[in-house]
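Trainee: I have this one open for the first time. Can you walk me through it?

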Amino acid sequence: MKITITVEDPSPEALEKLLALATLPTAVVTTVPDDRWTPERARSYYDRLPPRAQQILLQVVQGRGECSAEELKANGRNLRGSTGAFRRVLSEGKRTGLWPDALPVPLVSHIVGGQLKKLEMPGSGTDRYAYPVFAEGLCDVVSS
């Protein structure tokens, strides 16, 4: 059995009771910082994106965390409006309590001279790098 509890600003009494549960011999306690993606969060995010944004996210994951605009526009595909879905879906998830407020947008646009050059997952080389987590969370979609 797995139980997930989210606690925001707990009272000292509530925190004491939760910590007492965590000390039980059979308890397994893990924590997920509010500013980190997890495979479950990544999959939930992907599932809420519109189809074209899903395709773009998969291309970035398949590109190991980045993808050029030219690759994204291959075969006459358009990017107009597609990239806005990344922020919109994240904002909606935060507003409804699905994801924590500190969770960063997983993709950033690199624009040079008013033109989109590439999309990438920020944080390469840090513990906040979203790529490995998204690769794990979307492994069944990427491999199909």
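Predicted model: local features only at pLDDT ≥ 70, side-chain atom pairs only at ≥ 80, totals over all residues.

Trainee: What share of the residues is buried?
Mentor: Of the 144 residues, 31% are buried, meaning under 20% relative accessible area (1.4 Å probe, protein chains only).

Trainee: What secondary structure does the chain have?
Mentor: There are 7 helices and 3 strands. Both are DSSP runs numbered from the N terminus: helices are H or I with at least four residues, strands E with at least two.

Trainee: Now the sheet. What is the strand order?
Mentor: β1-β3-β2, in an open sheet with antiparallel pairing; strands pair if DSSP finds at least two bridges between them. β1 (66–68) and β2 (108–112) each have a single partner strand, so one side of each lacks a neighbour in the sheet.

Trainee: How many bridges join β2 and β3?
Mentor: 5, and β3 covers residues 115–120. Valine 112 sits opposite glutamine 115 in β3.

Trainee: Which helix packs on the sheet?
Mentor: α3, residues 51–62, which touches β1 and β3; contact means heavy atoms within 4.5 Å. The direction of α3 makes about 110° with that of β1. Axes are lines fitted to C-alpha atoms, for helices over the stretch in contact, and angles run from 0 to 180 degrees between N-to-C directions.

Methods. Residues numbered from 1 in each chain as written. Heavy atoms only, no water. Buried < 20%, exposed > 50% of the residue type's maximum accessible area, 1.4 Å probe, protein only.
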